[in-house]
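Please look over the model below before reading my remarks, which are numbered so that each can be checked against the picture in turn.

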Amino acid sequence: MRIAALLVMVAAFLAAVPAALSCTLVSVSAGPVDANVAGTVTAHVDPIAANVGLDGLLGSVVCSVLGGTAPTG
């Protein structure tokens, strides 16, 4: 009975590990940009966003060293 309980605990821990070992290192976004060149050419760029993150054991080690943020929730 103790072995079964231990296996259930280990399985629950392993299921929760990926969410706990991820972090965001860099998050960059730029809003919409409108450019009008000499009144003849108009350019519009929609918002752009980029996120760089790591998962797993490497993510947890690098995140703590570089000061990244862990996801909440």
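1. Helices (H or I, at least four residues) and strands (E, at least two) are here DSSP runs, numbered from the N terminus. A38 has a positive phi of about 55° although it is not a glycine, and A38 is exposed, with a relative accessible area of 72%. Buried means under 20% relative accessible area, exposed means over 50%, and partly exposed lies in between (1.4 Å probe, protein chains only).

2. Some ground rules belong here: this is a predicted model, in which local features need pLDDT of at least 70 and side-chain atom pairs count only at pLDDT 80 or more, while totals for chains, interfaces and linings use all residues. Residues are numbered from 1 along each chain as its sequence is written, and side-chain values use heavy atoms, with hydrogens and water left out.

3. As for confidence, pLDDT is the predictor's confidence in each residue, from 0 to 100. The chain has a mean pLDDT of 74, and 68% of its residues reach 70 or more. Confidence is lowest in helix α1 (residues 2–20), with a mean of 63, and highest in strand β3 (residues 41–45), at 87.

4. The chain has two helices and four strands, and from the N terminus on these elements follow the order α-β-β-β-β-α. Of the 73 residues of the chain, 5% count as buried. If contact is taken as heavy atoms within 4.5 Å, then among contacts between residues at least 6 apart in sequence, 56% join residues at least 24 apart.

5. C63 and L25 are 38 residues apart in sequence, yet their C-alpha atoms are 6.9 Å apart in space.

6. V65 is also found in helix α2 (residues 56–66), but V65 counts as exposed because its relative accessibility is 64%. Together, L57, V61, V65 and L66 make a nonpolar surface patch of about 440 Å². Patches are made of residues with over 30% relative accessible area and no salt bridge, where like charges are joined within 9 Å and nonpolar side chains (Val, Leu, Ile, Met, Phe, Trp, Tyr) within 5 Å; a salt bridge is a side-chain nitrogen of Lys or Arg within 4 Å of a carboxyl oxygen of Asp or Glu. Accessible areas come from the Shrake-Rupley method with a 1.4 Å probe, and for residues only the protein chains shown count as cover.

7. Two loop residues deserve a careful look. D55, in the loop between β4 and α2, is exposed, with a relative accessible area of 60%, and D55 and C23 are 32 residues apart in sequence and 6.6 Å apart in space, C-alpha to C-alpha. D46 lies in the loop between β3 and β4 (48–54), and D46 and P32, 14 residues apart in sequence, are 4.7 Å apart in space, C-alpha to C-alpha.
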